[in-house]
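Please open the structure in your viewer and keep the selection tool at hand.

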Amino acid sequence: MSVGNNIKIFRKRAGLTQTLLAKKLNIALATLRRWESGETSPTGLKLIALANVLKVAPEDFITGDVNALHDTKITIPERPDEKLIYEGEVNGRNCKIEIPPTPEGYKLFRELLNNIFPVKDWTQDKNLNLN
């Protein structure tokens with residue numbers, strides 16, 4: 001299955017229309033349609049937001065684990081002085097990690113993402129902008 005098809009499956013399983021999901025993600029409906037058709041794919045913060053809304057892990061869009069249902073939540077701050085927060089499973093244990101808004105904190109967050117979601121090189125993601 002393709003990433004786009006997996007997005008569609010997870011969206012329908014969540015009981016969301018394309019219009020409602022696009023509004024929740026603050027994206028154009030056309031963008032979501034391009035994702036679901038496989039024309040383009042979500043990256044960076046949009047990938048994380050999509051996973052949060054649909055209650056799956058970002059790698060589930062790639063692996064197609066349609067039986068997945070995760071309680072993972074990544075909170076990206078709206079202001080530069082707020083902490084990044086990861087709530088979910090790490091090494092089989094549930095945890096909440098608060099990361100300070102410093103260069104060291106952003107480095108730690110990239111490492112955390114690389115360890116939890118190794119299917120993507122988060123260090124090169126310009127949309128995440130953690131420099």
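The model is a predicted one.

**The whole chain**

Begin with the entire protein chain, coloured by secondary structure. Six helices and three strands are present. Followed along the sequence, their order is α-α-α-α-α-β-β-β-α. Of the 131 residues in the chain, 36% are buried.

**First selection: helix α1**

Select residues 3–13, which form helix α1. Which residues of α1 are buried? They are G4, N6, I7, F10 and R11. Now look down the axis of α1: these buried residues fall within an arc of 160 degrees, so they line one face of the helix. An α-helix has 3.6 residues a turn, so residues three or four places apart point the same way.

Next, display what covers this face. The buried residues of α1 are covered by elements that include α2 (18–25), α3 (29–37), α4 (44–54) and α5. Beyond the end of α1, select G15, which has a positive phi, near 75 degrees.

Show the side chains of F10 and F61. A search of the whole structure finds one aromatic pair, and these two residues form it: the ring centres are 5.6 Å apart and the planes stand at 75 degrees, so the pair is edge-to-face, the term for angles over 60 degrees. F10 belongs to α1 and F61 to helix α5 (residues 60–63), so the pair ties together parts that lie 51 residues apart in sequence. Are F10 and F61 buried or exposed? Both are buried.

Move to α2. Its residues Q18, L21, A22 and L25 are buried. These cover an arc of only 100 degrees around the axis, which puts them on the same side of α2. On the other side of α2, K23 and K24 are exposed. The buried residues of α2 pack against α1, α3 and α4. Just after α2, select N26, where phi is positive, at about 60 degrees.

The crossing of α2 and α3 is right-handed. On the α2 side, the contact is made by Q18, T19, L21, A22 and L25; on the α3 side, by L29, L32, R33, W35 and E36.

The tour ends at E36, a residue of helix α3. E36 is buried, with a relative accessible area of 11%. Which residues does E36 contact, leaving aside its neighbours within four places in sequence? They are G4, N5, I7, K8, R11 and Q18. Finally, select S2 as well: S2 and E36 are 34 residues apart in sequence, and their C-alpha atoms are 8.9 Å apart in space.

Key:
Residues numbered from 1 in each chain as written. Predicted model: local features only at pLDDT ≥ 70, side-chain atom pairs only at ≥ 80, totals over all residues. Heavy atoms only, no water. Phe/Tyr/Trp six-rings, centres within 6.5 Å; stacked < 30°, edge-to-face > 60°. Helix = DSSP H or I, 4+ residues; strand = E, 2+ residues; numbered from the N terminus. Buried < 20%, exposed > 50% of the residue type's maximum accessible area, 1.4 Å probe, protein only. Arc of directions from axis to C-beta. Contact = heavy atoms within 4.5 Å. Left-handed = near helix turned anticlockwise from the far one by under 90°.
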